[in-house]
Amino acid sequence: MEDQSTTSWPAHAAAVGTHETVMKVIDQHVTSLNGKRVCDLPCGAGLFSQQLHDKGAEVYAFDIEDVQPYFGPKEKRVLADANYFLPVESDTFDLIVSIEGVEHVENGSHLLREMARCMRDDSRFFVSTPNVDSFRSRIVSIWKGYPKYFNPLDMETKASGHLQPVDMVFMHGAAKRAGLEIIDIQTVPNSRDKGLGLWLQELVRPWLTKSLPLKMQGKIPFYGDVIIYVMKKSA
């Protein structure tokens, strides 16, 4: 199923610093993008697709909407609905990037299974999403009744087209069921997490995280408005 409508969308729709941090994480895990076949989904206005292209990647850019203006390479741009199956063969991509996408689909588990299908055995999958497990998002939930970035616009619609928050426990379970292994987790730095604010947050962190699984009791996912997962196919 495809939505052929043309949509005006901010050129940089992701949270501030997300593109830069995701690229740094990619550079930590991938020696070179030159000649690699890369999937960018959702590509939005194509700014990150262009960055991947500039590093020598063969970029296949997917989005449900024909966002205009579009700044990325247009040769392999495809309109497709990630709620269904992508129009590509299995074992196609050396690298998959999904920036702020999993919270927009109706079934996040299906998205991870479909990405696993499209990945080659030695591929890497980089996915970012709003960090609803963070201290700041938890405070927003207490005071406003919803996680940060998921404020309702009406009874059927949330901000920025978000459908559902994706927490760390869900992501680990969905990855395992999709045959994927999470090998790294990082967050996008927040300029407010420093100085006295950082000191106060560190003071309460042990108390606010003690009821969580051990992997969630550290500085990740406590800090950062956006969380980034790096996955590979399970052995």
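Visitor: Where is Pro165 found in this model?

Guide: Pro165 is found in the loop between helix 4 and helix 5 (168-177). Keep in mind that we're looking at a predicted model.

Visitor: Why is Pro165 called partly exposed?

Guide: Its relative accessibility is 36%. Buried means under 20% and exposed means over 50%, so Pro165, at 36%, counts as partly exposed.

Visitor: What is Pro165 in contact with, leaving aside its neighbours within four places in sequence?

Guide: Val132, Pro147, Phe150 and Lys158. Contact here means heavy atoms within 4.5 Å. As for Ala15, 150 residues apart from Pro165 along the chain, the two C-alpha atoms are separated by 15 Å.

Visitor: On to charges. How many salt bridges does a search of the whole structure find?

Guide: It finds 11. One of them joins the side chains of Asp66 and Arg77.

Visitor: What makes Asp66 and Arg77 a salt bridge?

Guide: The N to O distance is 3.0 Å. The cut-off is 4 Å between a side-chain nitrogen of Lys or Arg and a carboxyl oxygen of Asp or Glu, so the pair qualifies. This bridge links distant parts of the chain, with Asp66 in strand 4 (residues 66-68) and Arg77 in strand 5 (residues 77-79), 11 residues apart.

Visitor: How do you know whether Asp66 is buried or exposed?

Guide: Its relative accessible area is 18%. Buried means under 20%, so Asp66 is buried.

Visitor: Which class, buried or partly exposed, does each of Arg117 and Glu114 get?

Guide: Arg117 has 23% relative accessibility and counts as partly exposed. Glu114 has a relative accessible area of 3%, so it is buried.

Visitor: And why are Asp225 and Arg136 called a salt bridge?

Guide: Their side chains meet at 3.5 Å, N to O; the limit is 4 Å, so they pass. Asp225 is in the loop between helix 7 (219-222) and strand 9 (226-233), Arg136 is in helix 4 (residues 135-144), and the two are 89 residues apart. Asp225, at 9% relative accessibility, counts as buried, and Arg136 counts as buried at 18%. There's a network too: salt bridges that share partners join Arg37, Glu58 and Lys76.

Visitor: Now the second largest pocket. Which residues line it?

Guide: His29, Val30, Lys36, Asp94, Leu95, Asp122, Ser123 and Arg124. Two elements give two or more residues to that lining: strand 6 (93-99) and strand 7 (119-130). Strand 7 gives the most, with 3 residues. About 150 Å³ of space lies in this pocket.

Visitor: Last one: what pLDDT does the chain average?

Guide: The average is 93, and 94% of the residues score at least 70. Residues 1-5 are another matter: pLDDT stays under 50 there, and the model has 12 contacts for them beyond four places in sequence.

Notes:
Residues numbered from 1 in each chain as written. Predicted model: local features only at pLDDT ≥ 70, side-chain atom pairs only at ≥ 80, totals over all residues. Heavy atoms only, no water. 1 Å grid on protein atoms, 1.4 Å probe; cavity = no way out; pocket = protein on both sides within 12 Å on 5 of 7 lines; lining within 4 Å. Points joined across faces, edges and corners; volume = space filled by probe spheres on them. Helix = DSSP H or I, 4+ residues; strand = E, 2+ residues; numbered from the N terminus. pLDDT = per-residue confidence, 0-100. Buried < 20%, exposed > 50% of the residue type's maximum accessible area, 1.4 Å probe, protein only.
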